[in-house]
Amino acid sequence: MAEQQIPNLDGNFYRNLRKYYPTVDRGEGVYIWDTDGNRYIDGSGGACVVSIGHGVKEIREAMLKQADRISFAHGSHFTSEAAIECSEQVVSLMPSPELNKCYFLSEGSTAIETAVKLARQYWREAGKPDKFKTISRWTSYHGNTAGALALGGHTARRRHYQPLILHTPHIEPAYCYRCSFEKTPETCNLECADALERMLKYEGPDSVSAFIAEPVVGATAGALVPKDGYWQRIRAICDQYDVLIISDEVMAGVGRCGQNTALDNWNVVADMVVMAKGLSSGYIPLGAVVVKEKIWETIRRGSGAFVHGHTYSMNPLAMAVGAAVLKYVKEHDLVRKAREMGQYLLEQLHTLRNLEIVGDTRGIGMFCGVEFVRDQTTKTPFDPKLKVNAKVFQAAFQRGLITYPGSGGADGIQGDHTLICPPFIITREQVDTLITLLREAIETVTQELY
Ligand code: PLP
């Protein structure tokens, strides 16, 4: 594949205004083809979206079947059989029967904002109107809409838009490779979890409605898996101070971390679970917030209305696709596949640690990451101006491998990193090819850097 320098000069507003984007043609399984006939392994499921693979006929059929009946009816006028089926499927993934009410949206960001609004309204209606703040973490990402951006701790994405719209206290992340408390796994006493209690005391727990976090951090840092015990401690603190947990499982959920919900890995039940991406495996835009019945019931008995709404909430076509995808995940035992093949993927990624610029490889299930450093011993990141991430991405792409580079390294605090999170159906042989291509890409970039 020849490197193209000329940006797309058509009528679209592309993310990178200086880059050339090839035209996508079709997809099947873990592969994508462009219109020039180049084939790529979708090593990141796009942006950690595609779980069941591309081109699944059952989803196409479900889509057609629903389109033949009706594609749109407004959620304030009707429910639909598809919506009922989709919520049944979603609820069946939840670790507790308490999590049984779904609110559907079209993507992750609006689902996050919905969850935050629900938390606020819940406390108002529960007679605690002063509980309005949401605490979140640095090195996290919750979406690009104004509120979600403020909640997130993705410095590179926030920088252009400050001052941000919400006051959201941030605590340190659970980033074991670069522990803010200078602990090692052996000396760690979950100080990063206790940081939540400290922040609650600073802010006043009576003013805090919720704590929001990704169970495993994705876009900002490349699959940060917290130490065992972290989420249990967070749950205990939130229970003690009457604070809701919003688990942002937009990337990490729906089987991606090898369990139905990401928090199942630690047997922790959140008060709200936010999902998108894998919920529809990219076949249609779809997001959801699942809430505990006590939240729904408090609002139902109180004002009786969640003063919210989006035009495409519970869109029948999207609901039919969501239901079909979740059914497919179950029927093909894909959560188990994500867990088992994910383990193989991680083992293979660990073999890249002998490369000079690979600082860390990590992950859980089919949700893995690689962090690049200038010095493996000191963990010194590369100068962001070198754009190591973009270079690795481009070198892999030219070889026919798609990765998902993060921009978290742009603040110079952490290293460049990339997510490796292929569809759950990837085979061992395809994992081997992915690793070979990634190794070659990293070696090529290393030669350029030194
Ligand atoms: N939350 C997390 C953890 C995400 O990774 C993302 C997107 O990458 C979002 C929220 C926002 O989702 P969307 O891009 O669908 O709005």
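Helix α4 (residues 108-125) supplies the largest share of the shell around the ligand, three residues. Helices (H or I, at least four residues) and strands (E, at least two) are here DSSP runs, numbered from the N terminus. The structure is a predicted model, in which local features need pLDDT of at least 70 and side-chain atom pairs count only at pLDDT 80 or more, while totals for chains, interfaces and linings use all residues. Residues are numbered from 1 along each chain as its sequence is written.

The shell around the ligand holds 15 residues, of which Glu107, Gly108, Ser109, Gly143 and Val250 come nearest. A residue is near a molecule or strand if its C-beta atom, placed from the backbone, lies within 6 Å of it. By class, the shell consists of seven nonpolar, five polar and three charged residues. In this scheme Ala, Val, Leu, Ile, Met, Phe, Trp, Tyr, Cys and Pro count as nonpolar, Asp, Glu, Lys and Arg as charged, and the others, Gly among them, as polar.

The protein chain as a whole contains 13 helices and 15 strands. Its C-alpha trace spans about 65 × 55 × 40 Å along the principal axes. Of the 450 residues, 51% count as buried. A residue is buried if 20 or more other C-beta atoms lie within 10 Å of its own, exposed if 12 or fewer, and partly exposed in between, with C-beta atoms placed from the backbone. Among contacts between residues at least 6 apart in sequence, 73% join residues at least 24 apart. Two residues are in contact if their C-beta atoms, placed from the backbone, lie within 7 Å.

Two packed helices are described by the angle between their axes and the distance between the axes. Helix α3 (residues 81-92) packs against helix α10 (residues 316-331) at an angle of about 35 degrees, and their axes are 8 Å apart. Axes are lines fitted to C-alpha atoms, for helices over the stretch in contact, and angles run from 0 to 180 degrees between N-to-C directions. The crossing of α3 and α10 is left-handed; a crossing is left-handed if the near helix is turned anticlockwise from the far one by less than a right angle, and right-handed if clockwise. On the α3 side, the contact involves Ala82, Ala83, Glu85, Cys86, Gln89 and Val90, which meet Pro316, Met319, Ala320, Gly322, Ala323, Leu326 and Lys327 in α10. Nine nonpolar, two polar and two charged residues make up this contact.

Several individual positions link parts of the chain that are separated in sequence. Leu286 lies in the loop between β9 (272-275) and β10 (287-292). Leu286 is buried, because 28 other C-beta atoms lie within 10 Å. Not counting residues up to four places away in sequence, Leu286 touches Phe104, Ser106, Ala276, Leu279, Ser280, Ala318, Val321 and Gly322. Between Leu286 and Leu64 there are 17 Å from C-alpha to C-alpha, at a separation of 222 residues in sequence.

Ile246 belongs to strand β8 (residues 244-248) and is buried, with 27 other C-beta atoms within 10 Å. Apart from residues up to four places away in sequence, its contacts are Ala115, Ala119, Ala210, Ile212, Ala270, Met272 and Val274. Ile246 and Ile112 are 134 residues apart in sequence, with 8.6 Å between their C-alpha atoms.

Asn260 is placed in the loop between β8 and β9. Asn260 counts as buried, because it has 20 C-beta neighbours inside 10 Å. Leaving aside neighbours within four places in sequence, Asn260 is in contact with Leu93, Gly255 and Val335. The C-alpha atoms of Asn260 and Val90 are 9.7 Å apart, and the two residues are 170 residues apart in sequence.

Some backbone features remain to be described. The peptide bond from Gln162 to Pro163 is cis, with omega near 0 degrees, and Pro163 lies in the loop between α6 (155-159) and β6 (170-171). Cys48, in helix α1 (residues 45-48), has a positive phi of about 65 degrees although it is not a glycine. Thr139, in the loop between β5 (133-137) and α5 (146-151), is likewise not a glycine and has a positive phi of about 55 degrees. Cys48 counts as buried, with 24 C-beta neighbours inside 10 Å, and Thr139 counts as buried with 24 C-beta neighbours inside 10 Å.
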